[in-house]
Amino acid sequence: MRWMPGVDTLRRYEAAWLPHDIFAGLVLATMLVPVGIAYAAASGLPGIHGLYATIIPLLAYAVFGPSRIIVLGPDSALAAVILGVVTPLSGGDPLRAATLGAMMALVSGTVLMLTGFARLGFVTELLSKPIRYGYMNGIALTVLISQLPKLLGFSIESEGPLRDLWRIGGAILDGKTNWVAFAVGLATLIVILLLKDNKRLPGILIAVVGATLVVGALDLGAGYGVKVLGPLPQGLPALAVPWISYADLVPVLIGGSAVALVSFADTSVLSRTYAARLSDKVDPNQEMVGLGAANLATGFFQGFPISSSSSRTPVAEAAGARTQLTSVVGALAIAFLLVVAPNLLQHLPNAALAAVVIAAAIGLFEIADLKRIYRIQRWEFWLIVLCFVGVAVFGAIPGIGLAIAVAIAEFLWDGWRPHSAVLGRAHGVKGYHDITRYPDARRIPGLVLFRWDAPLFFANAEFFKERVLDAVATSPTPVRWLVVAAEPVTSVDVTACDTVAELDEALHEKGIELCFAELKDPVKDKLKRFGLFAQLGEGYFFPTIGSAVSGYLEINKVEWEDWED
């Protein structure tokens, strides 16, 4: 039952929850249908596959997902990534596009499940908030640009966000805009944005139904060239294995892995948020397994990669959802629509679908927090800009690669060039403190207290050695002891230990003893195994900085007057 939380919930299901879950599921279905179709179109796939990618994941996650309220389905954050893989490989063939999308879902699902079983759910935490902001803002811009031609009633051949923007401008100047389609799409967008924060009125449903009724009643498709969805295939998705050629394998693998990273990053944040509201506890590894199972299932049933939804989940919550049964009811309602009334949405205009996606893309932009980051940490703000430009210029998948590379570089830089300080005795403050922050701090003649604020490992070992020797060289008095205040040192490796041994020899040549204070026991155990205890001498390891100072003063007779406490 550990890997099937939904079944465990069913065993503990309370009868009082049933009316709430049924009602919430029906309300949810009214929103899932237009959104699923819209995000399929935004991903370069036929609209029907958006419904397939809604029904199957909802059922799979209801069994394997740990969150009782999260809603899965096609997502605007993934649309640009899927589009970037599907469009150039499909050559305009909708069947081929659907096959590529399904294979991306299988890749994504496999990556997520393997990562979950391996308990590597922490990996998405390596992407810092500035990197996520930059990437998501770039994705939002990419999605928005990709939908502008549909909103304006024409089509272009996509070649990347900035080039597409240039082509859109050229098409407008050439008079290709269908002003009737644009009016329908703009009106739909305005209604969605106006009703976005209204919890009582389903803005997307009202806007899309209104647009469909207007286009159908006035016959705008035939009379004014407004492109519409057309009749959907009747029936439910069949089990099918998406076979692709070897030439398509590498971009699909890269795209599917990128989708897995983005979808889990979004889902983990959303699940933690709702878990806190409901006083639940969500295992991130089980979240990966649940999301992976949903992607695998949709890949085998003609869907495409999916994620959690920060817009549809609140709808389910507001409608009174109690458990995963809400998702099951929503999926069955959509399936009923496909079996009984597949032509119900045949007059749905493409411009209205574009408006749904554009509204979602606008919601992806993160602007408010950028001012705060610019004010408190300027370099992280420029990190946001770098990731944003990477996605906007090179596209979604290269942008993800850039974001990951920047995340690794940021992590290594923090460990490669950490902060260090020479310590002194400051007036009116207990202990020993950084002399750059306390310029009046007194230093004991012949003694250098050096603090290293990071783990000591291969990437920063030479820098540690350089900083220690620099502290010795800049000491106002000839140095006899150098004490490393090592409380922040949480780990040490072979390279670092060899460097410390070399440093000890270099200091001995100058008549200086190397000592350590406040070293943690696990780190001390490693130094013993590496032979450094024997080389330095056990007497030169002290439990506190104060004891190290006392040891120095006992051996070396120096004139030293401490501040009066």
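I started with the largest cavity, which has a volume of about 70 Å³. For "cavity" I used a 1 Å grid over the protein atoms alone, taking a set of points where a 1.4 Å probe fits but cannot get out; lining residues have an atom within 4 Å of a point. Volume is the space filled by probe spheres set on the points, with points joined across faces, edges and corners.

This is a predicted model, so I kept local features to pLDDT of at least 70 and side-chain atom pairs to pLDDT 80 or more, while totals for chains, interfaces and linings use all residues. Residues are numbered from 1 along each chain as its sequence is written, and side-chain values use heavy atoms, without hydrogens and water.

**Cavities.** I found 3 cavities of 30 Å³ or more. What lines the largest one? Its lining includes Leu456, Phe464, Val484 and Phe516, and divides into 11 nonpolar, no polar and no charged residues. (Ala, Val, Leu, Ile, Met, Phe, Trp, Tyr, Cys and Pro count as nonpolar; Asp, Glu, Lys and Arg as charged; the others, Gly among them, as polar.) The second largest cavity holds about 40 Å³, and Arg442 and Arg443 are among its lining residues, as are Leu423 and Gly424. I noted 5 nonpolar, 1 polar and 2 charged residues there.

**Sheet.** Next I looked up the open sheet of 6 strands, ordered β4-β3-β5-β6-β7-β8 with mixed pairing. β4 (432-434) and β8 (541-542) are at the edges with a single partner strand each, so one side of each has no neighbour in the sheet. Strands are DSSP runs of E, at least two residues, and helices are runs of H or I, at least four, numbered from the N terminus; strands pair if DSSP finds at least two bridges between them. β3 (420-425) pairs with β4 in the antiparallel sense over 3 bridges, and Gly424 stands opposite His433 in β4.

**Pocket.** The second largest pocket has a volume of about 930 Å³. (A pocket is an open set with protein on both sides within 12 Å along at least five of seven lines.) I counted 38 lining residues, with Ala41, Gly44, Leu45, Lys150 and Ser155 nearest the centre. α6 gives the most, 5 residues.

**Asp248.** Is Asp248 buried or exposed? I have it as buried, at 4% relative accessibility (buried is under 20% relative accessible area, exposed over 50%, partly exposed in between; 1.4 Å probe, protein chains only). It sits in helix α11 (246-277). Leaving aside neighbours within four places in sequence, Asp248 contacts Leu89, Arg96 and Leu100, contact being heavy atoms within 4.5 Å.
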